[in-house]
Structures are given as structure tokens and as C-alpha cells.
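Please keep the sequence and the coordinates at hand while reading.

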Amino acid sequence: MFARVLSAGLLGINAYRIEVEVDCSGGIGQIQIVGLPDAAVREAQERVRSAIKTCSFLMPCAKKWVVNLAPADTRKEGPAYDVPIAIGILAATGLLPTENLAQIYLVGELSLDGSLRPVPGILPMALHCKSAGALGIIVPEQNAAEAQLIEGLRVYPVSHLKEVCTIIQNPEQGFYLNSEARQNYTKQQNRHSCELDFSEVKGQHTVKRALEIAAAGKHNILLVGPPGSGKSMLAQRLPGIMPSLSFEEALELTKLYSIAGLLNGNQAKSTAEENGDHSPNGTAAAYSLVLERPFRSPHHSASAKGLVGGGMYPRPGEISLSHMGILFLDELAEFPRHHLDLLRQPLENGLITISRAQHTLTFPASFLLVGACNPCPCGYLTDPIKACICSPYQAIRYWSRLSGPFLDRLDLHVDVPRLNEEDLGAGMYSASSGDTGNSNGSGSSGNSNGSSTENSASIRLRVERAIACQKERLGEENFTYNGNLNHRLIKQFCQIDQKSHELLVRAICQFGLSARSYDRLLRVARTIADLEASENITYPHMAEALKYRLRTEQQPGRRVPSAVK
């Protein structure tokens, strides 16, 4: 007897249809799996045999089952095919009806006792299931919240193979979930608040201003300063001033994390219960979404594949997991130069393409790069108090690890100086001593852009207003951040007056800036103008953009023309 069961496999960030074909014929009780299975798929025969036995099904001993995973020319990996193989064997043996197998997808790993275990990549599989017009999808209970994100699709959460058999016999009688994730998303998002706040950072007003510009226009930024000046502390607070994710953006980001196996269905369910949400439809699904922009900070010892993605079966790397968020490279100069140069193309295109002999895959990688490093190996080259012990050659060699083309793609180059005595002691005195500092450790002087008393919420409001200006200018459908404007849009929306043009030309001639730097300066100036709610780019906007661009030109190893010296 023959049976066909539907399942799904992963190829990059997308899923494709897998047909599990099972033929039952005379033999010696053997299960043979063909169709380019890997070791985990081949071992499914023992898991399936034991799981079927626990369901009290009597499998004929004088039978042979040939399981074909079609299409046969693509590599099948992982234990996600255990459930469809088991159901296919039962249907081919005549123990289950085959009428409903053509309208339901099955995914899941089987334990020896018949219980189901979660598998990665459920979200793209559910997306494919809906696009294929299927009635629903049967998934492990721990993956249900993830699959439930897809609207218009029945999600059958099961914990044991017996439940799968019951649903196959009568899908209408089985318990299933419908999605209300979109309606619950805004509510869960409003409950979220960033724990790290800019009000905790003392001083560093210029750096805070630069980070505000970076968040408003999605400009890559480099922080350079001595040890302990607050580079990492400032970078870690950047997500708190970035705009919220839309539901579509959160779904796209969750899809990447699903493929990487970084979602936890049990955690989503328990988080929903902790917040008093017990609705079966949509609430846990909303918690399974990635609600905040990612902040990834890989160690400088990370491999090239771990950074950009790859492997025998390519998986997303850190730059893809930072999609729509922040990739923070601390101790930037300690990363191998080759690894940093791999980021040059994704920084321009927002995509990373990985080519293998069998296929070529493209992963999204539109991230905001934040780099932090010291000015020299000892860290005190630019420090006004502590003397640098590095030789000129050591300092030049240290900076030579960062290639010119890589630095050219960083829009903002910012010095992070040592805190002075006034900033360092702000807010540390009691009220009786006459000091006006507050209890959260921040200073109290002024409330202008980037001041020490300003919290992340107020900065975020300005960032959101600037982004609203960009959306109004380009339209919702064609929206792109200022940092990603192409040459045509730069020419259209980044017009400057004569005085600003002369300043820009002088800077290009004196510092030997590239054509890419010219475009990036205009983009930064456009963002600064948007933060000031200015329709036109003026001379102060261009001057501030140049101030952030020319910081590293005086670093060791950066060649400066003699006219400037």
C-alpha cells in the first residue's frame, strides 16, 4: 500500500514542500529511508519504530517500508521528519486513513516514548503551509506559539503521536489555534521597556548626540577612546532610543531567529502567564515574536562563518541575527582584518550571499554597525592624563588592522574622552551637601540634546520624529533610512547651499575623502536636519556632519596630506 504525507524543509530563510512517500511491501520488517537523508534523518527509523510501539499499534513483522523524501535531489537534515514518516508508515500499513493527509502538513521530532520535541524553523514552514493553501499544520506543543503567528492557518499543537493520529482521523474534531497575534502585538510591545537608560551615563554629551544621529538615520558609528571612558556602556543603551518594530518587521526578524533555533516556545507561554494573559489565541504567539531590535555583540575570536553565516548547510550568522538591529563589535581592532572586510558588502547592500556548490543562499543583513576600540594597544594615546607607552610603529600597526575601505563605510567617527572630575562626581553627593545631582547617578546641568539628565525616552521621541520626517518625504512604501539613500535620492533630497558646498569641497580636498565619503556626509547632514525639523540642509548641519567624519583622520596610520599638517 502507498501513502503520501506533506511536510516542509528549510533552504536559507525559506521553506519548501517535502513529500514523504511511503510504500509498504513484503519484507523482513525493515524501514529504509531514501532521498538524500543525513544521519539524523536515517536514524529516524529507530525513533519511529519505538514511538509507534508505544501507541499500541501492531506493525506487521513481514513487511518492508521504503520511505522517499521528495524532491530527492535536495539534502534533508534534522529530526523534523520523524512525525510525517511515522504517520506515513501507519497510513501505508492501513492503520490510519489517507483522506486527510493531502491537506495537513506535519512537522516534529519523536522521542522513543512517542512524545514530540520542538524543532527549529517552524515559522517559515508555517508561512509555506499557508501559501500552499493547506488546511493546517501539526506541530509540537512547544512550537505552537511560533506557528500561531501566521494568520489564516490552523495550528494543531500536539504533545504525543497518539494526538497526531486522532487529528489525522478527524481534523475538524482536533483542537487547533487561530492567530490573533497582530491584535496582541501592540499591547505586548507597549509593556516592554528597555532596562538600560541614557540617564545613567555621565557626561559624554557629544557621543550621545552622535548616537542619536546614528539611531535616527541608521548610520554606522565608530567609538574611539581610552579604557573606561564608557564606549560599551553607551553602545548598550543605543537600542533604547531606536524606533519600535512594526508587526511585519517583527515577523521577519522572528523568522530568522526561528531558523537559527533561538526561539523558546515554553518561555513565551510562561511569560504570557506571568503577565496575566491566559487567552489561547494569539497571546503566547505575541510573546514568541522578537519584540525589540536585536543587539548582538560577538567576541573578537568569532569565526568568519559565525560572523557572516555559512557552514555545510548555511545558517544565518551574527550579521543576519542583527538584522534591523545593532551589531556591536567591541575591541574592533582585535578582530581579524579579513573578518571585518567580509562586512563591507553587507554594509552597502543589507544582504549577505553565501554560495555553495549545490546552491546559493541570500540572508538579510541590514544592521547598524557600532564599533568600539582604543586609539592604540595600551589605550592611552589620546589621553590627557595617562601617558601612552606604545611606540609609533605599534600604534600604526594597531590601526592598520582596520582597512581603509572598511572605515570608509562608517559614517560617524567619534572620540570618547576620559570623564573629567565634574562629570565623574555628578550625582554622587547627598542633597545636604548642596549638590543638585539626582539619585540615578546622572548630572543635572541642562536638558539639551544629549545632556546627562536626559533619559532614553526623550531622545527616542526626537528619533521617531526624525524618522517620521523621512517617511513623509519618501512615502511609507518606499521608505528607507537616510543612511541607506541611493545616489538618486541623495541628489533629490540632499541639496545644500553654496556655503555648505564650499565647506564640503574644502574638506574633500584637504583630507582626501572618497566619493563614498561625500555621499555619506550628505546623508548624515540630512539626518541632522531631520532631527532639527529643518526642510533644508544648512551650513551648521554640514559642519556637524564633517566634525563626526574627520575624527579618525588624525589617528596613527591615517595618511593626512601635507597641506593639512
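**Helix packing and local features**

In helix H24 (residues 539–549), the buried residues are His541, Met542, Glu544, Ala545, Leu546, Tyr548 and Arg549. Buried denotes a relative accessible area under 20%, exposed one over 50%, and partly exposed the range in between, with a 1.4 Å probe and protein chains only. Helices (H or I, at least four residues) and strands (E, at least two) are DSSP runs numbered from the N terminus. The model is a predicted one, in which local features need pLDDT of at least 70 and side-chain atom pairs count only at pLDDT 80 or more, whereas totals for chains, interfaces and linings use all residues. Residues are numbered from 1 along each chain as its sequence is written, and side-chain values use heavy atoms, with hydrogens and water left out.

Against which elements do the buried residues of H24 pack? Their partners are helix H8 (205–217), helix H18 (404–408), strand S18 (412–415), helix H22 (498–511) and H23. Contact here means heavy atoms within 4.5 Å.

The packing of H22 with H24 can be described in detail. Their axes come within 8 Å and cross at roughly 20°; axes are lines fitted to C-alpha atoms, for helices over the stretch in contact, and angles run from 0 to 180 degrees between N-to-C directions. H22 and H24 are therefore roughly parallel to each other. In this scheme, angles under 35 degrees count as roughly parallel, over 145 as roughly antiparallel, 65 to 115 as roughly perpendicular and the rest as oblique. The crossing of H22 and H24 is right-handed, a term used if the near helix is turned clockwise from the far one by less than a right angle, left-handed being the anticlockwise case. On the H22 side, Lys499, Ser500, Leu503, Leu504 and Ala507 meet Tyr539, Met542, Ala543 and Leu546 of H24. By class, this contact of H22 with H24 comprises seven nonpolar residues, one polar and one charged. Ala, Val, Leu, Ile, Met, Phe, Trp, Tyr, Cys and Pro count as nonpolar, Asp, Glu, Lys and Arg as charged, and the others, Gly among them, as polar.

H23, one of the partners of H24, also packs with another helix. The axes of helix H20 (residues 456–474) and helix H23 (residues 515–531) lie 8 Å apart at an angle of about 115°, and the two helices are therefore roughly perpendicular to each other. Their crossing is right-handed. Arg462, Val463, Ala466, Cys469, Gln470 and Arg473 of H20 face Arg526, Asp530 and Leu531 of H23 in contact. The residues of this contact divide into four nonpolar, one polar and four charged.

A further pair is formed by helix H3 (residues 82–93) and helix H6 (residues 161–169), whose axes come within 11 Å and cross at roughly 60°. H3 and H6 are therefore oblique to each other, and H3 passes H6 in a right-handed crossing. Val83, Ala86, Ile87 and Leu90 of H3 make the contact with Leu161, Val164, Cys165 and Ile168 of H6. Its composition is eight nonpolar residues, with no polar and no charged ones.

The loop between strand S4 (63–70) and H3 contains Pro71, which is joined to Ala70 by a cis peptide bond with omega of about 5°. Most residues other than glycine have a negative phi, and most peptide bonds are trans. Ser56 has a positive phi, near 70°; this residue lies in the loop between helix H2 (44–54) and S4 and, at 60% relative accessibility, counts as exposed. Met324 has a phi near 65°, also a positive value in a residue other than glycine. Met324 belongs to the loop between helix H14 (318–321) and strand S14 (326–330) and, at 9% relative accessibility, counts as buried.

Gly12 lies in the loop between strand S1 (2–11) and strand S2 (14–26), and is buried at 4% relative accessibility. Although Gly12 and Thr362 are 350 residues apart in sequence, their C-alpha atoms are 7.0 Å apart. Beyond its neighbours within four places in sequence, Gly12 is in contact with Ile259, Leu361 and Phe363.

Over the whole protein, the secondary structure comes to 24 helices and 18 strands, and buried residues make up 53% of the 565 residues.
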